[in-house]
Amino acid sequence: MRYTDVFKRYEFKYLLTGEEKELLLDAMKDHMQIDEYGRTIIRNIYYDTPDMRLIRTSLDRPVYKEKLRVRSYSKVTGSDPVFIEIKKKYDGIVYKRRIAVPEHQATDWLSGEADKPFDSQIANEIEYMRSYYRDLRPACFLSYEREAYKDLSGGDLRITTDHNILARTDRMSLKREVGGTAVIGKDLTLLEIKTADAYPMWLIRFLTDNKISKTSFSKYGEFYKTVIFPEMTGTTMYKCIKPAGAVLIHHDSGIEEPGDVGAVLDAAGDQQAAPLIPPGTDGTVSRQDTDAVATVAEIQEELFLAVDGFVRGAGSPGIVGPFSDAAGTGYPDPAVVGPVDHII
């Protein structure tokens with residue numbers, strides 16, 4: 001089988017229920033067919049720094065971000081080849097560059113125990129990434145069952161559906177069986193639409209008729225938020241739903257009742273009481289006995305962390321620093337204490 005080494009395309013993601021997936025398969029039958037990869041169990045090992053710099057940066061949604069992973073399309077045996085991939089995203093466009101090498105060479109090279117296996121442009125880019133981040137090591141083993149489809153008309157449209165997405169932080173070998181913590185619900189499927197062009201009309205109709213909206217979703221990122229980050233810090237990550245111009249408030253005695261401004265999701269996606277009240281102050285921080293109060297203006301789906309009874313905004317990586325609004329404007333930090341070395 002001939003493999004493509006370089007990709008440049010847009011990638012859009014959607015979470016589907018079981019019923020929606022069946023509707024998708026019906027809509028695709030006259031337009032798409034299973035490609036040469038067919039139905040596979042994909043295994044990935046994501047590399048990161050000890051402080052998880054790559055995934056923390058990715059979750060900040062910068063204009064440019066990158067990941068390094070090793071991938072196989074089956075359980076590796078002997079000297080089976082695997083792919084070392086750099087996946088980059090710049091200004092909404094995904095660039096993927098990869099080389100195929102035997103598994104033992106990939107492991108030895110990326111662990112620093114051997115030199116790069118050969119000289120090529122992509123191998124040099126991987127080597128530069130290793131030297132730039134210096135202490136990259138296996139951080140997450142992630143697997144999923146994938147069905148991949150290609151365009152019957154010969155266009156560049158590619159559609160994949162992933163389910164049974166599992167991740168773990170041990171047994172970091174592509175020679176091992178899959179297994180780990182479920183990243184999404186068993187009844188959900190991650191749909192990815194990959195193309196360099198516009199969607200065809202049949203696909204637009206399917207998404208519109210079924211009211212299916214795209215989502216920002218990273219398999220590795222979701223596992224980091226729900227499992228790795230809590231284990232590293234002893235804290236929980238929350239997501240605030242569009243509380244534009246809200247006051248963020250949290251008391252030692254517990255989170256305030258939901259207000260009119262927004263709601264909060266916990267790591268499992270369940271709605272919690274929202275620590276939000278209508279705006280009424282000017283962005284300064286005040287302290288009332290044991291309360292921590294801060295106004296956060298123009299917040300748009302920011303991440304918050306519950307740390308030792310307080311809620312804090314997502315500041316710059318590694319900084320016990322400010323709340324930040326959508327424009328990146330900093331606000332003073334309201335007396336947050338506890339393990340906050342891994343703020344994203």
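The model is predicted, so local features are reported only at pLDDT of at least 70 and side-chain atom pairs only at pLDDT 80 or more, while totals for chains, interfaces and linings use all residues. Residues are numbered from 1 along each chain as its sequence is written, and side-chain values use heavy atoms, with hydrogens and water left out.

We may begin with the strands. Helices (H or I, at least four residues) and strands (E, at least two) are DSSP runs numbered from the N terminus, and two strands are taken to pair if DSSP finds at least two bridges between them. Strand β1 (residues 6–16) runs antiparallel to β5, and 4 bridges join the two. Within this pairing, lysine 8 stands opposite tyrosine 95 of β5.

Next comes helix α3. Buried here means under 20% relative accessible area, exposed over 50%, and partly exposed in between (1.4 Å probe, protein chains only). In α3 (residues 103–110), the buried residues are Glu103, Ala106, Trp109 and Leu110. They cover an arc of only 135 degrees around the axis, which puts them on the same side of α3; the arc is that of the directions from the helix axis to the C-beta atoms. Their packing partners are β2 (32–48), β3 (64–72), β4 (81–90), β5 (93–102) and α4 (121–133). Just after α3, glycine 112 adopts a positive phi of about 85 degrees.

Turning to the interior, a nonpolar core is a set of buried Ala, Val, Leu, Ile, Met, Phe, Trp, Tyr and Cys residues joined through side-chain atoms within 4.5 Å. The largest such core has 24 residues, of which Leu142 and Tyr220 touch the most other members. At least two residues each come from β2, α2 (53–59), β6 (137–151), β7 (158–168) and α6 (219–233), with α6 giving the most, 6 residues. Apart from this core lies another, of 22 residues, including Leu54, Ile86, Ala106 and Met129.

Threonine 40, in strand β2, is buried, with a relative accessible area of 14%. Not counting residues up to four places away in sequence, threonine 40 touches Tyr73, Tyr144, Glu145 and Arg146, where contact means heavy atoms within 4.5 Å. Tyrosine 144 in turn has lysine 219 over its face, at 4.4 Å from the ring centre.

Finally, the aromatic rings. Rings of Phe, Tyr and Trp (its six-membered ring) pair if their centres lie within 6.5 Å, and planes under 30 degrees apart count as stacked, over 60 as edge-to-face and the rest as tilted. The structure holds 8 aromatic pairs. Tyrosine 132 and tyrosine 133 form an edge-to-face pair, because their ring centres are 4.9 Å apart and their planes at 85 degrees. Tyrosine 132 is partly exposed at 44% relative accessibility, whereas tyrosine 133 is buried at 10%. Elsewhere, ring pairs link Tyr10, Phe12 and Tyr199 into a cluster.

Conventions: A charge sits over a ring if NZ of Lys or CZ of Arg is within 6 Å of the ring centre and within 35 degrees of the ring normal.
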